[in-house]
Amino acid sequence: MRALVARAPGAPLRVEEIRLPAPGPGELRVRVRAAGVCHSDLSMVNGTLAPAYPLVLGHEAAGVVVEAGPGAAVPVGTQVVLNWAPACRRCWHCRHGEPWLCAANTAPAVPRGETADGEALHVTLGLGAFAEEVVVPEAAVVAVPDDLPPERAALLGCAVLTGTGAVRNTARVAAGESVAVIGLGGVGLSVLTAARAAGAAPIVAVDVAEAKRGLALAAGATHFLAPDDRLSKEIRALTEGRGVDHAFECVGRAATIRTAWRLTRRGGAVTVVGMGGKDDLVSLSALDIFHSARTLRSSVYGSSDPDREVPGLAREVGDGTLDLTPLISGLVTLDEAPEAFDRLARGEGARWVVTFPD
Ligand SMILES: [Zn+2]
Ligand SMILES: [Zn+2]
């Protein structure tokens with residue numbers, strides 16, 4: 001079967017024939033129907049992360065169970081969203097209500113299957129979803145209704161769960177609170193959508209690309225600003241001089257974390273949703289940390305429990321409460337996926353979703 005494989009950092013991505021093992025005890029074989037091109041996939045190939053290669057990319061996907069290994073209980077034919085951080089339910093974090101920090105989920109790449117010439121293969125975040133099929137532990141799927149369009153279901157597995165969770169679980173944005181969102185990829189746009197649903201106002205979207213203005217307003221922003229010298233002043237003009245209650249950093253860079261910090265009011269909260277590099281240091285003065293009384297924290301996988309929250313999000317998409325239309329820029333084939341990665345790297349559009357013919 002065919003999959004999108006990265007051979008080395010910076011090497012061109014290629015669609016290759018691969019082989020996966022049959023599902024073992026407690027595992028499932030899932031035919032992938034749709035998989036979104038997420039910024040973390042780019043981090044696997046642009047040097048931000050150092051996973052093992054050759055590597056099947058992709059971790060934001062939905063598909064249909066086609067084979068269950070011994071003891072696996074999910075019925076064949078079930079539509080599922082893939083979960084890249086399945087909780088073990090036994091470690092300290094899992095037992096203390098923090099399944100998104102499960103100690104069993106640390107590796108960016110997990111060994112599974114082999115290339116056409118027999119070389120050991122790895123899959124991104126235990127999934128490797130830019131592939132016609134995946135073989136995954138049963139804990140790495142969440143069942144969703146069959147009538148949920150797969151390209152929407154796929155986004156629930158990463159961008160939407162992350163963005164919505166950052167607003168609802170991590171920052172706990174309340175109605176009437178002001179919000180700024182820096183970086184408008186799939187996650188940033190999901191943050192806007194969730195902030196609007198929470199009744200936040202104003203909701204200020206910030207991005208270097210003016211082309212994101214229309215997307216931002218469609219997703220829920222009340223204002224769109226460029227990150228230039230006037231940004232702080234313009235944000236303060238919208239918030240009675242204080243700064244926003246909540247800033248969400250959805251880029252993963254020290255510079256934008258500092259910008260988020262600067263835009264937030266005294267006593268406000270900065271939530272870092274973007275995943276950055278280990279050598280990119282954020283510098284804040286000791287006096288600033290004390291005097292500003294701000295909270296700085298990260299949101300890993302939306303501080304969420306996918307088993308509980310993905311079905312709820314699927315319901316919200318189904319009944320129209322959560323509109324994912326602005327998030328999907330276009331559907332592409334597996335062969336067009338490398339081009340979608342280039343567009344993502346250039347900051348074009350929101351989510352490009354790879355779909356597979358039935
Ligand atoms: Zn992702
Ligand atoms: Zn655990």
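Are cysteine 38 and cysteine 158 buried or exposed? Cysteine 38 is buried, as is cysteine 158, where buried denotes under 20% relative accessible area and exposed over 50%, with partly exposed in between (1.4 Å probe, protein chains only).

## Basis of the model

This is a predicted model, in which local features need pLDDT of at least 70 and side-chain atom pairs count only at pLDDT 80 or more, while totals for chains, interfaces and linings use all residues. Residues are numbered from 1 along each chain as its sequence is written, and side-chain values use heavy atoms, with hydrogens and water left out.

## Zinc site

The zinc ion (ligand 1) is coordinated at 2.0 to 2.2 Å by Cys38 (SG), His59 (NE2) and Cys158 (SG). Donors are N, O and S atoms within 2.8 Å of the metal (3.2 Å for Na, K and Ca); water is not among the atoms, so the site may look incomplete. The donor residues follow the sequence spacing C-x20-H-x98-C. Cysteine 38, in the loop between strand 3 (27-36) and helix 1 (39-45), is 120 residues apart from cysteine 158, in the loop between helix 3 (150-156) and helix 4. Helices (H or I, at least four residues) and strands (E, at least two) are DSSP runs, numbered from the N terminus.

## Glycine 58

Glycine 58 occupies the loop between strand 4 (55-56) and strand 5 (61-68). Because its relative accessibility is 0%, glycine 58 counts as buried. Beyond its neighbours within four places in sequence, glycine 58 is in contact (heavy atoms within 4.5 Å) with residues including Asp41, Thr124 and Phe130.

Conventions. Chains are lettered from A and ligands numbered from 1 in the order in which they are written.
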